[in-house]
Amino acid sequence: MLSSQLQENIDMRKVYNFSAGPGMLPEEVMRTAQEEFLDWHGTGMSIMELGHRGPEFQGVAEKAEADLRYLMNIPDNYRVLFLTGGASAQFAMVPLNLMTQRKKADYIDTGIWSKKAVDEAKRYGDVHVAASSVVQHSLMHIPSQSSWTLRDDIDYVHYTPNETIDGLEFKWVPETGDVPLVADMSSMILSQPVDVTRYGLIYAGAQKNMGQAGVTIVIIRDDLIRDPVFLTPTLYSYKLHAEHHSFYNTPPTYAWYISGLVFDWMRRHGGVEAMYKVNLRKAKKLYGFIDEHQDFYFSTVSPESRSLMNVVFSLKNEKLNDVFLKEAGDAGLTNLKGHRIVGGMRASIYNAMPEEGVDALIAFMHEFARKHG
Ligand code: PMP
């Protein structure tokens, strides 16, 4: 029997979607997109039908970039590119464009996504894994930089600040001196303040905190825009995209537009600082609840490395996993199943997940543990 509040939420189609990506979008963004869908700003056409070089879409594109620059305080000596191919294409674009001088790069392997980045980069040059996440007392954590084996003569250091699948997050920025630092921020961008000047290049797929799948944002420092290695496919050159302001070919216009709506929504709601405050509260509540109910639920991530966005946890009694997911789904709490590789559960609580969604999840978990404990 569902509580009347949960039943009401479902009736209003207020399902809380904990998917790791594509993730939940702000309701306001969805409503604006719906209102503008058939007739964008009196043109009688949908934005998706308007030419990418026309003044209408150019305006949308420029505002999206300006808003992102404002939200992340991106300095003028960085270019912002709106590309396709997902963050996965960046696993190749980064080495093809940056591993060009010393032909060597160091990678930090903290989970499944950084491992994929390593495997792809190895196809193009001399890649050394300078550190890996470690398990101590059954808890995973990020190794401190003092244990890393970074080399001196490298083109860049690559790391993944937040591992979406493993639920592991850096709470600090690696120190790499003059060596450019490259970060895959796919699942943490805009969730917390980031000092862009610490990075040579940042990339992120949009489908978690920045909109829908289809557009990938690259923020690259001017001095790193150079000729890629010989035979790099034309579309994999940062230089080409920078020269053409991401309009060399047809960009993913609708996805770009949706990201623009998300940036605008963020600006109107206090920007990154405001999101961060709520995100901290949401994560604290959820991890706090898990820690307080260790007879039933547990986290395998060490407290100082726990992700703000992807809360990975397990049930002590794995036999209850399917019942948990079924009952959660009935209660309007969806997509809580952990990634098939790590199993267990994962609650992704991106910016668009309201605090009430986390409260509803905790209330459900409480009730579930009482019933099945
Ligand atoms: N890196 C990270 C950290 C991710 O979470 C993901 C997607 N979940 C990717 C890379 C791959 O992104 P895409 O599917 O957009 O290629």
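These are my notebook entries on a predicted model.

**Ground rules**

I number residues from 1 along each chain as its sequence is written. Because this is a predicted model, I take local features only at pLDDT of at least 70 and side-chain atom pairs only at pLDDT 80 or more, while totals for chains, interfaces and linings use all residues, and side-chain values use heavy atoms, with hydrogens and water left out.

**Entry: the ligand**

The ligand is surrounded by Gly 86, Ala 87, Ser 88, Phe 91, Trp 113, Thr 160, Asn 162, Thr 164, Asp 184, Ser 186, Gln 207 and Lys 208. Next I looked up polar contacts, meaning pairs of N or O atoms within 3.5 Å; within protein, one must be able to donate a hydrogen and the other to accept it, and residues adjacent in sequence count only if both atoms are side-chain atoms. Thr 164 puts a polar side-chain atom 2.4 Å from a ligand oxygen. For a polar side-chain atom of Ser 88, the distance to a ligand oxygen is 2.6 Å. Ala 87 uses its backbone instead: an N or O atom there lies 3.2 Å from an oxygen of the ligand. On its own the ligand has 400 Å² of accessible area, and the protein covers 84% of that. Accessible areas come from the Shrake-Rupley method with a 1.4 Å probe; for residues, only the protein chains shown count as cover.

Helices (H or I, at least four residues) and strands (E, at least two) are DSSP runs, numbered from the N terminus. I checked helix lengths against an expected span of 1.5 Å times one less than the number of residues. Helix α3 covers residues 55-72, and its 18 residues should span 26 Å; the end C-alpha atoms are 26 Å apart, so the two agree. For α7, residues 253-268, the 16 residues reach 23 Å from first C-alpha to last, close to the expected 22 Å.

I then looked at burial: buried is under 20% relative accessible area, exposed over 50%, partly exposed in between (1.4 Å probe, protein chains only). In α7, 13 of the 16 residues are buried, so the helix is largely enclosed by the rest of the structure. The buried residues of α3 include Phe 57, Val 60, Leu 68 and Met 72. What do the buried residues of α3 pack against? They pack against β2 (78-83), β12 (216-221), α7 and α8 (271-292); contact here means heavy atoms within 4.5 Å.

Asn 73 comes after α3, with phi near 50°.

I traced an open sheet of 3 strands in the order β13-β14-β16, with antiparallel pairing. Its edge strands, β13 (297-298) and β16 (345-348), each pair on one side only. Two strands pair if DSSP finds at least two bridges between them. β13 and β14 (residues 310-315) are joined by 2 bridges. There, Tyr 297 stands opposite Leu 315, and Phe 298 has Ser 314 as its bridge partner. β14 and β16 share 4 bridges, with Phe 313 opposite Met 345.

Is β14 covered or open on its faces? Both faces are covered: Asn 310, Val 312 and Ser 314 on one side, Val 311, Phe 313 and Leu 315 on the other.

Asn 351 is in the loop between β16 and α10. Its relative accessible area is 9%, so Asn 351 is buried. A polar atom of its side chain lies 2.9 Å from the backbone oxygen of Leu 190. Its contacts beyond four places in sequence include Trp 265, Met 275 and Lys 282.

Val 358 lies in α10 (residues 355-372). Val 358 has 0% relative accessibility and so counts as buried. Beyond four places in sequence, Val 358 contacts Lys 282, Leu 286, Ile 349 and Met 353.

Most residues other than glycine have a negative phi, and most peptide bonds are trans. I noted exceptions. The bond from Gly 21 to Pro 22 is cis, with omega near -5°. Pro 22 sits in the loop between β1 (16-17) and α2 (27-36). His 137 has a positive phi near 50°, and Ser 138 has one near 65°. The loop between β5 (134-136) and β6 (139-141) holds His 137; Ser 138 is also placed between β5 and β6. His 137 is exposed at 78% relative accessibility, and Ser 138 is exposed at 60%.

Definitions and conventions:
A residue is near a molecule or strand if one of its heavy atoms lies within 4 Å of it.
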